[in-house]
Amino acid sequence: MPEAQPNLPLENPDQLDRASHFQASVVLSRKGKDLGQLRVLIAGGGTGGHVIPALAIARELVEREAADVLFIGTQRGMEIRLVPEAGFRLRLIEIGQLKNVSLITRLRTLVSLPRAIAACRRMMREYQPDVVLGVGGYASGPAMAAALQLKLPTMAFEPNAMPGLANRLVGKRVQAAAVNFPSAAEYFNNAEVTGIPVRPEFFNLQAPPPAPPHLLVFGGSQGARLFNDTLPKIARDLLAAVPDLTILHQSGTRHAIKTEEAYAASGADPARWTVKPFCDDMPARFARANLVMARSGASTVAELAAAGKPALLVPFAAAADDHQKRNAEEMVNAGAAIMLNEWDLDSPARLLQGLVDLLSSHDRLVAMSAAARTQAHPAAAEHIARRLVTLAARSSGSGSQLKSL
């Protein structure tokens, strides 16, 4: 097993102090178990849907296995902030996008790809990981390509029903995969449905009383402009059609004032609606809601399942590979949600009718709640971490793959 190397170059020296403090505290609680027994490299990021589950897996590895974990990401992704804040080391590569961008951007990305793969190879030779986990996003493709070239044990994590480009390219070459939806398993070698790590608080929520009903509207941490534009148009009629209904609308910071002004101009009773730029305690917000209107990113869908929340889902039409629509369809097929496309909201009356129908039927909401829970995976982080440990152990008999490179 490779020796620990705590002094790898970092983009920010403070990262090492936070990582050392976090990991050392875990090791002490494990009665002196040696740090570095297992080395895991986690590659990828971009959005919170990639980074947040990756951090949950990393914590599970540290807490249960006293593992040493290194992240590879990019300057442009959320990992640049979230990974160091969580106390883990982060190395950066330069790589751009290939999907939903201009031809010039794609060409630049293709030109930079060999350099990014080479940079990942250097990092892996230096770090000597026992196993590599690709979580999708910008850095995942080059890192997984490098790991496969170096014949390292590799595992892919795919949270969406339709895998992203990076995971599709390596899916049949990795040794294992962890997916959230059964439909994604066909794209990978040795795939298991593990689910997405979700905060434990979401699994312990009690069902709200049927009355007075409460609607939670949110489009992710940045809000959804489509929701901000459409909900105020129907707010007055919705509140009139559903007695005692209250609405909490998360608008995103940039659109909060405009959204609140639109609600006020609608004539809807101001005592029955609230606009918030950001909700900092989503489990508590979920707990109060009888119905949630949301986008259908992987993390959102996983949280709805964990909380057992019926939902009206409106997939983001510009999502890469239309993965949000595929996620929503999985929940609809399970009986946990109804779905409207973005263009359906061109007619606000259609959204109004959909919300009224759901909020007026307590029995239907109860059935949808039960269906949502069937899609939940309470032990996702543990399951994924266990697979990584097993994968690393299978290859340890022949020693590190990098010893002779």
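Is Arg89 buried or exposed, judged by relative accessibility? At 3%, Arg89 is buried (under 20% relative accessible area; exposed is over 50% and partly exposed in between, with a 1.4 Å probe and protein chains only).

The model is predicted, so local features need pLDDT of at least 70 and side-chain atom pairs count only at pLDDT 80 or more, while totals for chains, interfaces and linings use all residues. Residues are numbered from 1 along each chain as its sequence is written, and side-chain values use heavy atoms, with hydrogens and water left out.

**View 1. Salt bridge between Asp68 and Arg89.** The closest N and O atoms are 2.5 Å apart (a salt bridge is a side-chain nitrogen of Lys or Arg within 4 Å of a carboxyl oxygen of Asp or Glu). Asp68 belongs to strand β2 (residues 68-73) and Arg89 to strand β3 (residues 89-92), 21 residues apart. Helices (H or I, at least four residues) and strands (E, at least two) are DSSP runs, numbered from the N terminus. Asp68 is also buried, at 6%.

**View 2. Salt bridge between Arg387 and Glu192.** The N to O distance is 3.6 Å. Arg387 sits in helix α14 (residues 380-396) and Glu192 in strand β7 (residues 191-193), 195 residues apart. Arg387 is buried at 12%, whereas Glu192 is partly exposed at 32%.

**View 3. Salt bridge between Glu342 and Arg295.** Here N to O is 2.9 Å. Glu342 is in the loop between β13 (337-339) and α12 (348-359), and Arg295 in the loop between β11 (291-294) and α10 (298-307), so the pair ties together parts 47 residues apart in sequence. Arg295 is buried, at 11% relative accessibility.
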